[in-house]
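Look it over, then read on.

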Amino acid sequence: MIISVASGKGGTGKTTVAVNLALSLENTQFLDCDVEEPNAHIFLKPEIKERIAAFIPVPEADEAKCNACGKCREVCEYHAIAVIPKGDGAIGSVLVFPHLCHGCGACSLLCPQKAIREVNKEIGVVETGMAGDIQFVHGTLNIGEIMSPSLIRQVKKRINPFRTVIIDAPPGTSCPVIAAVKDSDYCILVTEPTPFGLNDLTLAVEVLRKLKIPFGVVINRADIGDDKVDNYCQANKIAVLLRIPFDREIARLYSRGIPLVKDNVEYKEKFRMMFETITKRHHEADRCR
Ligand code: SF4
Ligand code: SF4
């Protein structure tokens, strides 16, 4: 079973929930897909056993074959190619902007002259290891690189189907989040009871409904703010799976990089029960399909 943990905005406690859930279960694999700022390793302290550079293929035009027809520029949805046409003394040439290229391969596939070959561009690194019994994988995007969905997909290639997989997704509701949560069996949305929390939760709910991924909500710092998140969940028949109060002890453990469940068996049980609720809902949804 693949469970992703996401949030409409950063700083809601998404990684706290993902890490503590993984530590409360048996036979888990943890994927940190928040590749722009991975920080689950601070809490899980994995022993990294393998480091593999991650690449995307970017085009390189052979000017001896290219006739500057402009087809590659036309097909590139990301404006990563410019073609200087022939004429007025210009011999015509192709300029590639590697930072805009998504490595989709359309230009090389559709070039009528077969003038484009693909070269690898490094975008980051994927590291794998063990954190106790937990299999651990995370990706780290190179600074200034924007192709996080590609790196997220490369992290997800390491999914182990024989374990319960917990994915720590990036914050927000854009392409990287979709790359992270896609194909999950269930998604936990972590929010806080504030107007910002509610606003970002509603956006995240829209995304998950479009992707047809079942989901529930964890309310962090549940005893501050107002009751609008609760009212929204009730009105939209969204399960509130867990409430975590604003607690000085939880904050103290977090600041020292200590997962909550390592110090508190009561919370370990709460996370286990949340997992049971999720598996029950998943099996019910399966039966209805
Ligand atoms: S599609 Fe091929 S031949 Fe046409 S401009 Fe691009 S690289 Fe050159
Ligand atoms: S590989 Fe895709 S994104 Fe990159 S330049 Fe070619 S068409 Fe554009």
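Q: Across which strands does α7 lie, and at about how many degrees to β9 does α7 run?
A: Helices (H or I, at least four residues) and strands (E, at least two) are DSSP runs, numbered from the N terminus. Axes are lines fitted to C-alpha atoms, for helices over the stretch in contact, and angles run from 0 to 180 degrees between N-to-C directions. Contact here means C-beta atoms, placed from the backbone, within 7 Å. α7 lies across β1, β9 (186-191) and β10 (215-220), and its angle to β9 is about 165 degrees.

Q: What kind of model is this, and which pLDDT do side-chain atom pairs need?
A: Residues are numbered from 1 along each chain as its sequence is written, while chains are lettered from A and ligands numbered from 1 in the order in which they are written. The model is predicted; local features need pLDDT of at least 70, totals for chains, interfaces and linings use all residues, and side-chain atom pairs count only at pLDDT 80 or more.

Q: How do α7 and α8 pack, parallel or antiparallel?
A: α7 covers residues 195-211 and α8 covers residues 228-235; their axes are 9 Å apart, at an angle of about 25 degrees. Angles under 35 degrees count as roughly parallel, over 145 as roughly antiparallel, 65 to 115 as roughly perpendicular and the rest as oblique. So α7 is roughly parallel to α8.

Q: Which residues of α8 make the contact with α7?
A: From α7 come Gly 197, Leu 198, Leu 201 and Thr 202. The residues of this contact are 4 nonpolar, 2 polar and 1 charged. Ala, Val, Leu, Ile, Met, Phe, Trp, Tyr, Cys and Pro count as nonpolar, Asp, Glu, Lys and Arg as charged, and the others, Gly among them, as polar. The α8 side gives Lys 228, Val 229 and Tyr 232.

Q: Which strands stand at the edges of the open sheet, and why is one side of each left without a neighbour?
A: The sheet has 9 strands with mixed pairing, in the order β3-β6-β7-β2-β8-β1-β9-β10-β11. Two strands pair if DSSP finds at least two bridges between them. Each edge strand has a single partner strand, so one side lacks a neighbour in the sheet; the edges are β3 and β11 (240-244).

Q: Which residue in the turn between β6 and β7 has a positive phi?
A: β6 and β7 (residues 134-141) run antiparallel, joined by 8 bridges. They form a hairpin with 2 residues between them; the phi of about 65 degrees belongs to Gly 132.

Q: Which residues come nearest to ligand 1?
A: A residue is near if its C-beta atom, placed from the backbone, lies within 6 Å. The shell has 10 nonpolar, 3 polar and 1 charged residues. Of 14 residues around ligand 1, the nearest are Cys 66, Cys 69, Lys 71, Cys 72 and Cys 111.

Q: Which residues come nearest to ligand 2?
A: The shell divides into 11 nonpolar, 3 polar and no charged residues. Of 14 residues around ligand 2, the nearest are Cys 76, Ala 80, Cys 101, Cys 104 and Cys 107.

Methods. Two residues are in contact if their C-beta atoms, placed from the backbone, lie within 7 Å.
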